[in-house]
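Hi,

Here is the model I said I would pass on. Have a look at it first, and then read my notes below.

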Amino acid sequence: LYLNGEQWFAKSQWMQLLDAVVPMVIVMPLGPLLYFYTKALLQPDYSLTKKDKRHFLSVIIDLVPYATAILFIALALTRLVNLKNYNIGLFIDTYNVYADIPRWASLTVYVILTMRHIAKYQQREDAGQKEKKIKWLRRCTTVFAAFQLIWLLYLIPYVTPAYGQRLLNWVNWYPIYVPMSFLIYWLGINGYLVTQFQVKKVSQPLPDDVFMQTIQALQTAMEQDKLYLNPEVGLDVLSRHTGIAPKTISAALNRNLDKTFSEFVNEYRIAEFKERGADP
């Protein structure tokens, strides 16, 4: 946005080409990202499934103008179609105006879904253990909801043909840009502080009894059950196998043994390889 405002892309044809074909403004994934970030923060062992990834297919809406520009350039170079009668720029500008409707609707729907997920999670018995995370997520979604309201107040006249150009001439995009800037800084600063709290919280060493129980369970899983032979083994698999929380396993390995999970598993795999290699 800044480079466009400073006419940076207008300096040469190559810069105009870059602006036309490289997607630098992507909005549609924001809603799913907020929703799945919330699920992952409340459930550390959560990972995206194939079904979850379908939520990001809506990015196609953002990519249509760039795909159209690439197609236009390809047709122009091959001279298969006479493009003098086609105003591709007008089409892209008009498309971007009305594409803001599904963009706003998508983010609004996912903000609502995120709020409902947080409310549902709060009803769990163990919700009190994640009070600070829940508080952060509630504040985060509230700020997004406020931004969506501001965006809606701007969007209604913007997509109305009789008022759209008048609105741009009067205030341009500043009613959206200014709140968006505050939103970005607020998310960045508060998200960083939340991360620091989590690091500080989990950096405390495990009690001796918990550490010994965890190490014994890990050694049993590797030496007796030979879990390291499973190519898909990870913290979540090991957690389900031993019944120990992933964060406890990580704490025992990282801080008490000074090893990463990969180093711990690979030691057993290397020993297995040596044993098999020595077998005639």
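**What I found**

Residues 24 or more positions apart account for 67% of the contacts (heavy atoms within 4.5 Å) in the protein chain, counting those with a separation of 6 or more. A word on provenance: this is a predicted model, so local features need pLDDT of at least 70 and side-chain atom pairs count only at pLDDT 80 or more, while totals for chains, interfaces and linings use all residues. Residues are numbered from 1 along each chain as its sequence is written, and side-chain values use heavy atoms, with hydrogens and water left out.

**Overall build**

The protein chain has 13 helices and zero strands; both are DSSP runs numbered from the N terminus, helices being H or I with at least four residues and strands being E with at least two. The radius of gyration, taken over C-alpha atoms, is 26 Å. That is well over the 19 Å that the globule rule gives for 280 residues, so the chain is more spread out than a compact globule. The rule in question is 2.2 Å times the number of residues to the power 0.38. Along the principal axes, the C-alpha trace spans about 75 × 55 × 30 Å.

Of the 280 residues, 30% are buried. For burial I use relative accessible area: under 20% is buried, over 50% is exposed, and partly exposed is in between (1.4 Å probe, protein chains only). The chain exposes about 18900 Å², and carbon and sulfur atoms supply 61% of that. Accessible areas come from the Shrake-Rupley method with a 1.4 Å probe, and for residues only the protein chains shown count as cover.

**Cores**

A nonpolar core here is a set of buried Ala, Val, Leu, Ile, Met, Phe, Trp, Tyr and Cys residues joined through side-chain atoms within 4.5 Å. The largest one has 26 residues, and Phe144, Trp151 and Tyr158 have the most contacts inside it. Elements giving two or more residues to this core are α3, α6, α7 (131-158) and α9 (174-202). The most comes from α7, with ten residues.

Leaving aside neighbours within four places in sequence, Tyr158 is in contact with Val97, Asp100, Gly164, Leu167, Leu168 and Trp173. There is also a second, separate core of 20 residues, which includes Val233, Ile249, Ala251 and Val265.

**Salt bridges**

How many salt bridges does a search of the whole structure find? Three, with a salt bridge being a side-chain nitrogen of Lys or Arg within 4 Å of a carboxyl oxygen of Asp or Glu.

Arg103 takes part in a salt bridge with Asp62, with the closest N and O atoms 2.8 Å apart. Arg103 sits in helix α6 (residues 88-122) and Asp62 in helix α5 (residues 60-78), so this pair ties together parts that are 41 residues apart in sequence. Arg103 is buried at 9% relative accessible area, and Asp62 is buried at 1%.

Arg103 also meets Asp100 in a salt bridge (2.9 Å, N to O). These two residues both lie in helix α6, three residues apart, about one turn of the helix. Asp100 is buried, as is Arg103.

The remaining pair is Glu272 and Arg276, again a salt bridge (2.9 Å, N to O). They are four residues apart in helix α13 (residues 261-277), so about one helical turn separates them. Glu272 is buried at 14%, whereas Arg276 is exposed at 55%. Back with the other two bridges, shared partners join Asp62, Asp100 and Arg103 into one network.

**Surface and backbone**

Leu1, Val22, Met24 and Val25 make a nonpolar surface patch of about 350 Å². Patches are made of residues with over 30% relative accessible area and no salt bridge; like charges are joined within 9 Å, and nonpolar side chains (Val, Leu, Ile, Met, Phe, Trp, Tyr) within 5 Å. Val22 is in the loop between α2 and α3 (30-42), and is partly exposed at 31%.

Finally, two backbone angles to check. Most residues other than glycine have a negative phi. Gln7, in the loop between α1 (2-5) and α2 (13-21), has a positive phi of about 60°. Lys226 has a positive phi too, near 50°. Lys226 is found in the loop between α10 (208-223) and α11 (235-242), and is partly exposed at 37% relative accessibility.

Cheers
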